[in-house]
Amino acid sequence: MNEDTNMNSNKINRETVIYILILFYIIPLSIILFVNMFSSLFQTTYTELYLDTERPSYKADSPILLLLLTFVFILILGFYLKKHKVVKETAIVFEKTALIFSVVICFFGIFLFRVAPTTDGASVSRIAADFLNGSYGSFLNNDYLFIYSHQLSMVAYMELVYYIFGAGNYIVLQFLNLIAVFFVIYFLHRITQELFNNYEIQVILSILCIGMLSLYLYVPYIYGDIPGIGFAVPAIYCVMKYLRTRKKLLLLPSFFCIAFSILLKSNNYVILVASIIILILHLIKEKDLFALVFAVVLLLGPVVITSCINTAYAKAADIEEIPDGIPKIGWVAMGLQENDYLENGWFNNYHCTIYEACDFDTAKTKEACMESIKQSLYNFISSPRNGVRFFYQKFVSQWNDPGFQSQLNIEWGSRRTENKSSLAMYFIYGNGRTIMEGIMNIYHFIILLGAVVGVAISYRKTSQSFALIALCVFGGYFFHMFWEAKGRYGLEYFVLCVPMAAYGIWKLAKVMQKLQDIWHKIYTKGGKTLA
């Protein structure tokens, strides 16, 4: 009897410790989401036309209109859920509709805008074509891969596509983006099912997925962002499912999905770190030793595959090893520097300039970047008010852009192609652009409101799976407060907010239903009294 009591006591103690640890980021995440939502109510970040730099601008929003439209949206949802019994078949119909819509709208975007790779995407595409022809000069003479060696895995991805379908076949890359988006929408549904197991929330998620215009507008964009998300979301689902079922075979898809997501977009280390933290908490709570194996294998995945890619290309290029390139700390140093022309923490080419100043010596560059970081932190500490202003401006410049620079990337990509249709010009430069901005602005606020409510009401009964997706979002916010700022970096974490938002909006819809019932009773009673 005493032994059973001790075991139960130990389990309760472990659960309490884990609950407290989870609160360390659940509560800050609630605050961050609220700040993001509140700021988006009064101000919108956007990018002007015809620029050659990623320069954020700001304009006042209409809070009354946003609140009114959000109220109407939730009111209609509440009315629908009250009048219609949502069963499994209903949820399936809505999910299929969302999936079909995503494919159709992405397909339409590919052929409407007809964009070509720009900036880093154009460089990576050129190098992939050169590699097919046996030319590996990009590793030498301070060329692109000599400086940005971390892009080699993205080059490998494009080279494989070009090898199969022909060099410069951008349409295939865009169709692969379309497939990635399809997987994102599909696995967002699986994640929501895993988290809540509620058909009404599933239906709300499907409706929200239909409105995810900022994601769909990224399909023509040729770079690692969309395929990276396409692997990251299934990876999160596989880890979630393991937490519930402990099926060891889930390690295999988790391994490849997380590894490929990082190879295509290194910022997805945020997802890896979040998964490892939750697996360790699961190990402590459930004494599941395989969770440790799971975590170690996930950690080794990108390291092993990157090593294989580097070895293969070093041999092909007949060089001893792949150049080190700019150390990642260079992006952190740049992300903590004031920038009067663009915005705080945005691209100012510091990492390249300091790398060249240090004679392309990685170790010296790390030391110089550390000195820059120390100076930035000293400035923030010396003047806390300026420090708060710095991070607030950097925050809203990234996270308050409803389109996450999607329209900017389409405009830039369209400059490299000709013979645009009048409809394409309407959406790129005309009133269609303004309409899309308005839709994304309303959607942005609705998702943030739902996410705030969803996270805030879940902290008392947070499951490990919910803790995982919340930690991924919190990690994204936290990491990109220090990393180089860019509007498009927030897209993935915004997408991960959607299941939490579906839950929050469902709760708000239920509140709306109760208010409708109260109003109906008052109205009915008043009518009888008058009679």
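## The largest pocket

In this predicted model, five helices each supply at least two residues of the lining of the largest pocket: α4 (119–132), α6 (152–165), α11 (251–264), α13 (290–317) and α18 (406–414). The largest share comes from α13, with seven residues.

The pocket holds about 1200 Å³ of space. Its lining is made up of 49 residues, and those nearest its centre are Tyr148, His150, Gln151, Lys328 and Trp331. By class, 24 residues of the lining are nonpolar, 14 are polar and eleven are charged.

## The second largest pocket

The volume of the second largest pocket is about 490 Å³. It is lined by 19 residues, and Tyr157, Pro227, Phe231, Phe260 and Leu264 are the closest to its centre. The lining has 17 nonpolar residues, two polar ones and no charged ones.

Helices α6, α7 (170–196), α10 (225–245), α11 and α13 each give at least two residues to the lining of this second pocket. Here the largest share, five residues, is that of α7.

## Salt bridges

How many salt bridges does the structure hold? The count is 14. Side chains of opposite charge can pair when their charged atoms come close.

One of these salt bridges is formed by the side chains of Glu437 and Lys59, at 3.2 Å from N to O. The pair links distant parts of the chain, since Glu437 is in helix α20 (residues 431–456) and Lys59 is in strand β2 (residues 56–60), 378 residues apart. Glu437 has a relative accessibility of 18%, which is under 20%, so Glu437 counts as buried.

Elsewhere, salt bridges that share partners join Asp52, Glu411 and Arg415 into one network.

A further salt bridge is that of Glu371 with Lys374, whose closest N and O atoms are 3.9 Å apart. Glu371 and Lys374 are three residues apart in helix α16 (residues 362–382), so about one helical turn separates them. An α-helix has 3.6 residues a turn, so residues three or four places apart point the same way. Lys374 has a relative accessible area of 48% and is therefore partly exposed.

## Helix α17

Helix α17 covers residues 384–399, 16 residues in total. From its first C-alpha to its last it reaches 22 Å, close to the 22 Å expected at 1.5 Å a residue.

Which residues of α17 are buried? They are Gly387, Phe390, Lys394, Phe395, Val396, Ser397, Gln398 and Trp399.

Thr90 is placed in helix α3 (residues 88–113). Is Thr90 buried or exposed? Its relative accessibility is 17%, and because buried means under 20%, Thr90 counts as buried.

Leaving aside the neighbours within four places in sequence, Thr90 is in contact with Tyr80, Lys85 and Val203.

How values were computed
Residues numbered from 1 in each chain as written. Predicted model: local features only at pLDDT ≥ 70, side-chain atom pairs only at ≥ 80, totals over all residues. Heavy atoms only, no water. Helix = DSSP H or I, 4+ residues; strand = E, 2+ residues; numbered from the N terminus. Buried < 20%, exposed > 50% of the residue type's maximum accessible area, 1.4 Å probe, protein only. Contact = heavy atoms within 4.5 Å. 1 Å grid on protein atoms, 1.4 Å probe; cavity = no way out; pocket = protein on both sides within 12 Å on 5 of 7 lines; lining within 4 Å. Points joined across faces, edges and corners; volume = space filled by probe spheres on them. Nonpolar A, V, L, I, M, F, W, Y, C, P; charged D, E, K, R; others polar. Expected span 1.5 Å × (residues − 1). Salt bridge = Lys/Arg side-chain N within 4 Å of Asp/Glu carboxyl O.
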